[in-house]
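The entries follow in the order in which I looked things up.

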Amino acid sequence: MRVLRKVTAVAMASAMVVSMAGCGGGAKETTAAATEAPTTAATEAATEAATEAAAAASEAATEAAAATTGDYADKKVGISIYKFDDNFMTLYRTELERYLTEDLGFKKENITIMDGKNDQAEQTNQIDNFINQGVDVLILNLVQSSSAPSVTDKCNEAGIPVVYINREPDAAEEQRWKDEGIKATYVGADARQSGTFQGEEIAELENHGDANGDGVVSYIMVQGDPENVDAQYRTEYSVKALTDAGVKVEELLKQRGDWDQAKGQQIVQDALTQFGDKIDVVFCNNDAMALGALAAIQAADRKVGEDIYIVGVDALTEAVQNVMEGKMTGTVFNDHISQAKTAADIACDFLNGKDVANVNMVDYVKVTNENAQQILDIVK
Ligand code: GAL
């Protein structure tokens, strides 16, 4: 069984008091692995505690930073993001840089953030350059998670620890780090949970998503990059949550939109022309594509909440506002703030020679009309 560190909004709030260890003092809770898809219980608790946790976390981080400022002033961090042109990863990267510099005391000029331009060869070059420059730690959002074994080996040979973020290497690779004592780790969120939450948001509607009342929930699935585990799991678990709730489903279309708003819009525009009123639900693997899909839905004169439903993932500000205004059925908060903090704290743990778990997961939070304002307060 792989060892997995779970970091939740709730855990951050409650564990703060007991655990101020680690470089950022960001509280972390260590649990044995629970690899089954998480349930709603965690969400409800997390939703309630979300605002409080965010405030507590930032307060604690500030206090912890005061205690550690200066320790990292000469440390060099190499960061590569799979591509800058991605809404969610832009929020993540901004928070990561802010936290490293403002809360942990790294110098801005010692942090280099590169754009992988969605090209693994380009990103591999960037990593080679970081190694040649002798950075102290790497934080990598790989273009292709399948390149993790070779990247890990070259960093390991150079004695540079790596924190992988957002795109999860496979379980065998993660296990290898643990078995061989390699200084590499993953920080992310379990995409099965986000898929489950999307499906539950539909299943919990009074008509369980059957907008046209024909007894079957007919959906279209707008996928991210299908090589990405986030896209695979969200696709699978959103539908699973519906069928688990006893809802009859029919897939009208599944198409890749590569996390991209314009592609999402085109796919849904074509699907609306092809399937018309047969479509009850539009599942989008992320909010960028959902925003595109919503534009297509509005252009086709369909009314979300009345004759069609749409859900996304990420909790982009615009999407959360749409949820508040009833223009989107729901989304799921992909907590880039906790993920960025955890990634930075763990990078510091490596720098301080501390033991690091090989997998570190942050909880998602369900976002519906009921808690959208709370989530908006956190993300905006
Ligand atoms: C997902 C996120 C997407 C996209 C993707 C990139 O977690 O929901 O919007 O950013 O990561 O790998």
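**Entry 1: the ligand**

I began with Arg167, where a polar side-chain atom lies 2.8 Å from an oxygen atom of the ligand; a polar contact here is a pair of N or O atoms within 3.5 Å, and within protein one must be able to donate a hydrogen and the other to accept it, while residues adjacent in sequence count only if both atoms are side-chain atoms. I noted that this is a predicted model, in which local features need pLDDT of at least 70 and side-chain atom pairs count only at pLDDT 80 or more, whereas totals for chains, interfaces and linings use all residues. Residues are numbered from 1 along each chain as its sequence is written, and side-chain values use heavy atoms, with hydrogens and water left out.

I then looked up Asn166, which has a side-chain N or O atom 2.6 Å from an oxygen atom of the ligand, and Asp314, for which the distance from a side-chain N or O atom to a ligand oxygen is 2.6 Å. On its own the ligand has 310 Å² of accessible area, and the protein covers 99% of it (Shrake-Rupley method, 1.4 Å probe; for residues, only the protein chains shown count as cover). Among the residues that surround the ligand, with a heavy atom within 4 Å of it, I also listed Asp230, Arg234 and Trp259.

**Entry 2: two loop residues**

I found Asp314 in the loop between strand 11 (309–311) and helix 11 (317–324), where helices (H or I, at least four residues) and strands (E, at least two) are DSSP runs numbered from the N terminus. Asp314 counts as buried because its relative accessibility is 4%, buried being under 20% relative accessible area with a 1.4 Å probe and protein chains only. Most residues other than glycine have a negative phi, yet I read a positive phi of about 130 degrees for Asp314.

Trp259 sits in the loop between strand 9 and helix 9 (261–275), and its phi, near 70 degrees, is positive too. Trp259 has 9% relative accessibility and therefore counts as buried.

**Entry 3: helix 8**

Which residues of helix 8 are buried? I found Asp230 and Arg234 among them, together with others including Tyr237 and Leu242. Their cover includes helix 7 (191–203) and strand 8 (217–223), contact meaning heavy atoms within 4.5 Å. Just after helix 8, I noted a positive phi of about 85 degrees at Gly246.

How values were computed. Buried < 20%, exposed > 50% of the residue type's maximum accessible area, 1.4 Å probe, protein only.
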